[in-house]
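Hi,

Here is the structure I promised to pass on.

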Amino acid sequence: MGKAISKAFQEAGAKVVATDIAESADLGAGIDYRRYDVTSRDDTNAVIDSVLADYGQIDILVLCAGTIAKTPLGDSTDDEWDSIFNVNVRGVVNPTRKLFPIMCDRGFGKILAAGSIAAKNGGVASGPAYVSAKSAVHGLMRWIAKSGGPHGVYANILAPGPVETEMWAKLTDNKGPTANSTVPLGRYGTPEDIAQAALFLCSPASNWITGTSLDVSGGMWMD
């Protein structure tokens with residue numbers, strides 16, 4: 001999803017800095033890639049400071065690092081809970097904690113975090129650690145929206161249903177419920193579906209939308 005979002009934003013005219021834990025990645029012409037471990041506060045400070053030094057400002061922050069597990073509650077371990085929360089929650093807390101005050105001082109910013117339909121329906125094929133972590137992300141973004149609104153800072157959440165990514169395939173062994181039986185639009189999502197929703201929430205087209213969870217699930221969740 002991160003790759004698709006980076007490409008969509010770059011094609012829309014944004015200067016894109018994309019990050020991941022891999023040492024290197026080729027995301028195409030015009031996309032500045034930097035290694036970044038979102039669980040590290042030191043890495044967070046270093047990468048945001050370097051981007052500000054190189055570009056002068058950061059208008060948009062999109063947060064979509066994630067990991068998943070489906071272990072039943074009784075079998076789950078402390079290590080699994082720590083791992084899921086470090087990436088899915090701390091990976092949102094670290095960059096927003098650094099950048100939110102900067103955006104408030106500047107008087108503008110848009111922050112978008114990848115939540116999940118799991119935070120609303122208790123999970124599709126995921127376990128309790130993942131559901132809990134994504135619920136925390138939804139709550140944090142609403143806090144940021146309320147606190148940032150008077151300062152021109154927006155915060156919204158994408159709540160995807162099942163999207164055909166490597167993470168989803170690994171979770172389900174490609175044996176998840178059939179799309180036709182669970183999704184009214186008859187298919188699972190693609191990274192490009194998520195990217196277009198992200199582009200909307202980070203563009204001027206959404207300038208009276210904040211604190212919102214946008215369901216991108218093909219009708220799997222209707223609210």
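Predicted model: local features only at pLDDT ≥ 70, side-chain atom pairs only at ≥ 80, totals over all residues.

Residues are numbered from 1 along each chain as its sequence is written, and side-chain values use heavy atoms, with hydrogens and water left out.

The sheet

It's an open sheet of 4 strands in the order β3-β4-β5-β6, with parallel pairing. (Strands are DSSP runs of E with at least two residues, helices are runs of H or I with at least four, and both are numbered from the N terminus; two strands pair if DSSP finds at least two bridges between them.) The edges are β3 and β6 (213–216), each of which pairs on one side only. From one strand to the next the twist averages 20°; angles here run from 0 to 180 degrees between N-to-C directions, with axes fitted to C-alpha atoms, for helices over the stretch in contact.

Strand β3 (residues 60–63) pairs with β4 (residues 109–114) in the parallel sense over 4 bridges. Buried means under 20% relative accessible area, exposed over 50%, and partly exposed in between (1.4 Å probe, protein chains only).

How many residues of β4 are buried? It's 6 of the 6, so β4 is largely enclosed by the rest of the structure. G109, I111 and A113 point one way, and K110, L112 and A114 the other. On its β5 side, β4 runs parallel to that strand and is joined to it by 6 bridges, with I111 bridging to A155.

The helices

Two helices to look at on the sheet: α4 lies across β3, β4 and β5 (153–160), running at about 170° to β3. Helix α9 (residues 191–201) touches β4, β5 and β6, and its direction makes about 160° with that of β5. Contact throughout means heavy atoms within 4.5 Å.

Helix α4 (residues 90–106) also packs on α6 (residues 128–148), at an angle of about 10° and with the axes 11 Å apart. That makes the two roughly parallel, which is the term for angles under 35 degrees. On the α4 side the contact is made by V92, V93, T96 and F100, and on the α6 side by V137, L140, M141, W143, I144, S147 and G148.

Two residues worth a click

T44 sits in helix α2 (residues 41–55) and is buried, with a relative accessible area of 0%. A polar atom of its side chain lies 2.8 Å from the backbone oxygen of S40. Leaving aside neighbours within four places in sequence, T44 is in contact with Y36, V38, N94, P95 and K98.

A8, in helix α1 (residues 2–11), is buried too, at 8% relative accessible area. Not counting residues up to four places away in sequence, A8 touches A195, Q196 and L199. A8 and A198 are 190 residues apart in sequence but 8.9 Å apart in space, C-alpha to C-alpha.

Cheers

Terms used
Parallel < 35°, antiparallel > 145°, perpendicular 65-115°, else oblique. Polar contact = N/O pair within 3.5 Å; in protein donor to acceptor, adjacent residues only side chain to side chain.
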